[in-house]
Amino acid sequence: MTRSMRAVGGLVAIALALGAFSSGVSADGGRLVIASTQVPRHLNGAVQSGIATAMPSTQIFASPLRYDENWDPQPYLAKSWEVSGDGMKVTLNLVRNALFHDGKPVRAADVAFSIRTVRDNHPFKTMFEPVASIDTPDDHTVVINLDRPHPALLLALSPALAPVLPEHVFGDGDDPKTHPANSAPIGSGPFMLEEFTPGEAVVLKKNPNFFIEDRPRLDEIIIRIIKDPSALLIAMEKGEADMYPFMAGSQEIRRLEKVERLAVTDQGYAAVGPISWLAFNTRSPKLSDVRVRQAIAYAVDRDFIVKALHRGVSKAQRGPIIESSPFFDPSIPAYDVDLDRARSLLADAGFADGMALTVDYIPGPKEQQQTVAEYLKSQLKKVGIDITVRAAPDFPTWSKRISNHDFELTMDVVFNWGDPVIGVHRTYLSTNIVKGVIWSNTQQYANERVDELLNQAAVETDPAKRKRLYAEFQRIVAGDLPIYWINAMPYHTAYDKRLVNPPVGIWGAMHPLDRLEWPEG
Amino acid sequence: MDESAQSPAAEAWIAFCHNIPALAGLLILLGIVALTLYGTLFYAGDAYEIVWAPHEKPLTESDFPLGTDYLGRDIVAGLIAGGGPTLAVGLCAALLTMVIGIAFGALAGYYGGWVDIVLMRITEFFQVLPALLFAMVLVTLFSPSLVTIAIAIGVVSWPQTARLTRAEFLKIKELEYVTAARAIGTRDRRIIWKVILPNAAPPLIVSATLTVGVAILFEAGISFLGLGDPNTMSWGLMIGMNREYILDAWWPVTFPGLAIFLTVFSVSLLGDGINDAFNPRLRER
């Protein structure tokens, strides 16, 4: 028996290696093959951020809430929820029929355990930091007590950020970050893990006991990891894969757009909010003068980068909050290219004879990073700034330089992660200037009013007032310019046109794909 | 002067001049060197300056005969500016290769015994490493710049020269004039440098010439893989930077590629010509 199973396993492995999974319509729910370049270390999104883990994690684990296309929370494991008037208490009423994949019921204690696990282990500390305690008056009620109002809490209860773990598996005392079950997780989501071959594939099977009736629609999801982008494109063109999320290269996008069978969309990344920007080290003597930073902003042609370098697939981005977010304030200055103004600002700052600066970039795909850095070298020469491009051979080298503040200018990509509290504050709070931590306030930007506004916005429960606080914040940083924002990273999803309900919500494919289905017949 | 009394070098030069392909190689190479050194006199242009819309096709009515690259920089200016560094990397790497290779090969071949064994094992160690990968590791360890690239290429390509030198030394050290030199008490160092090395020179010169070509290709390969020095224009870097757009625009990749091809081709012809010129048996044909 063991031998035959091994033989079957071998066949599966061979079939995977050959990409022989025929995808598409079948008599039952059918199979969906997702192609991805991202390699997950494990599948537990409670202790690991990032796209690679979130995609399978959101299929395996359910979460208290989910979000629709309009940023409105929807019931998931919580069939209803109340936020107390003072914003200090959030009550979740759980569904009664949810089971983990091993047949045990999902209890309030599991939800409480999961929130504590995320709070203590996930890299995004701000998500659940204000959670003081969690009460579970009965098996289906969770009361989250906060030590200050925390409007970002509801978004942090999304599938990508707050997977509900079974306490009877993960609560055995092992360190959650290295728990053996992270690679063989049991959740209550629409799909169960069938097989996880690190670096190659994640095979997910329909959860027949999923607590939402008639879902999921698909029988099987296979996430095939193809690290070589050109091999991945060929797999998409040949129909060996049905969906390719998080595609950002203009050549890739243009190539798959030409494939008749496929649809390509940039919808589904609103909550990710990936912003590509040029960061200034505001403590560097040459860049501490705001006029120098503004001069650089006036010298750089954002339009050229978006249209010529990115072949028109990117969208311009001129502020710290992604332009597709409801908190974005469109009234902030764009710094449209104006070379004369740039020159006079430089002259005012005492650099009439020009200056020399270095620019770093993240090694890897060039289009959003190295190419822009090389453009800066050519473009800033026009206003007398002599740029030296500092190449980093690998990501750790770059990350070490930037996090230790050993840079003048650098290209960077930082994600908003839905609520500004999670992904935006970290870049601008002076209290988050932490040497050695990448994607902290590495610009070392400090403005008391900004700190004040952000701390107020973090606890402001009235959405309209909160929006006003963020509007003032955006106007200040757009003037101080610790960062010159360039564009939203052009993430696109390519998928088979026949698919019904493709993942175009705010979380894209980092969201349960239980409604996704092949058409009948 | 009597014809029969010509020096070997002069004889070789005459033979070389009768070798049409070799002469052509020399002329092409001289032309390329002249263009990179004096090109700016005829064609003013800054290789880094954005002068036009990106991806302007070659031979249009614009002022840029070979078009522009992905940033709108002039490709001709890039070729002129990139030639010097490309050739310099090739020459420096070849020089380094010769220095290390001859030192190892000469000592191993001349002394034999345990010196030979130790030096040859070291050589073999470097020989079995995949050269391009090893060069990439070196460039990665010491941040990418033209100097590190030249050193990396030199460090990975000397074993062949070492083996060649050793073979020549093994052969020549048994010849009578070497025995004679030893008999009159010439010191080892003098025998190695003044007696054997000049007589082993012809194949080494050929090898050095070919190494220049290989080193230029290496530099292109490293730049193509994204480890080039972005602050110094070179042909390899031009290919590496523009390759992402090759489906949209072929010319920013093709012309530096052609330049590399022509250079390596002419260097190879030259190397073959030198080989033929120094080889008396071939010369008689």
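Tutor: Keep in mind that this is a predicted model. In chain A, four strands form an open sheet in the order E4-E5-E7-E6, and their pairing is antiparallel.

Student: What makes E4 and E6 of chain A edge strands?

Tutor: Strand E4 (78–83) and strand E6 (131–138) of chain A each have a single partner strand, so one side of each has no neighbour in the sheet. On average, neighbouring strands of this sheet are turned by 20° against each other, ignoring direction.

Student: How do you know that E6(A) and E7(A) are paired?

Tutor: A pair needs at least two bridges. Five bridges join E6(A) to strand E7 (residues 141–146) of chain A, and the two run antiparallel, so they count as paired. One link to look at is A:Asp138, whose bridge partner in E7(A) is A:Thr141.

Student: Which helix packs on this sheet?

Tutor: Helix H3 (residues 108–121) of chain A does, touching strand E5 (89–94), E6 and E7 of chain A. The direction of H3 makes about 170° with that of E6(A).

Student: Which residues of H9(B) and H10(B) meet?

Tutor: From H9(B) come B:Trp235, B:Met238, B:Ile239 and B:Asn242; from H10(B) come B:Pro252, B:Val253, B:Pro256, B:Gly257, B:Ala259 and B:Ile260. By class, this contact has eight nonpolar residues, two polar and no charged. Gly counts as polar, so B:Gly257 in H10(B) falls in that class.

Student: What is the class make-up where chain B touches chain A?

Tutor: In that interface, 16 residues of chain B are in contact with 15 residues of chain A. The chain B side has nine nonpolar, three polar and four charged residues.

Student: And within chain A, how many residues do domains 2 and 3 bring into contact?

Tutor: The assignment gives chain A domain 1 (3–60 + 175–268 + 491–496), domain 2 (65–167) and domain 3 (274–488). The centres of domain 2 and domain 3 of chain A, taken over C-alpha atoms, are 34 Å apart. There, 13 residues of domain 2 are in contact with 11 residues of domain 3. The domain 2 side of that contact divides into eight nonpolar, four polar and one charged.

Conventions
Residues are numbered from 1 along each chain as its sequence is written. Chains are lettered from A and ligands numbered from 1 in the order in which they are written. This is a predicted model: local features need pLDDT of at least 70, side-chain atom pairs count only at pLDDT 80 or more; totals for chains, interfaces and linings use all residues. Two residues are in contact if their C-beta atoms, placed from the backbone, lie within 7 Å. Domain bounds come from an automatic or database domain assignment. Axes are lines fitted to C-alpha atoms, for helices over the stretch in contact, and angles run from 0 to 180 degrees between N-to-C directions.
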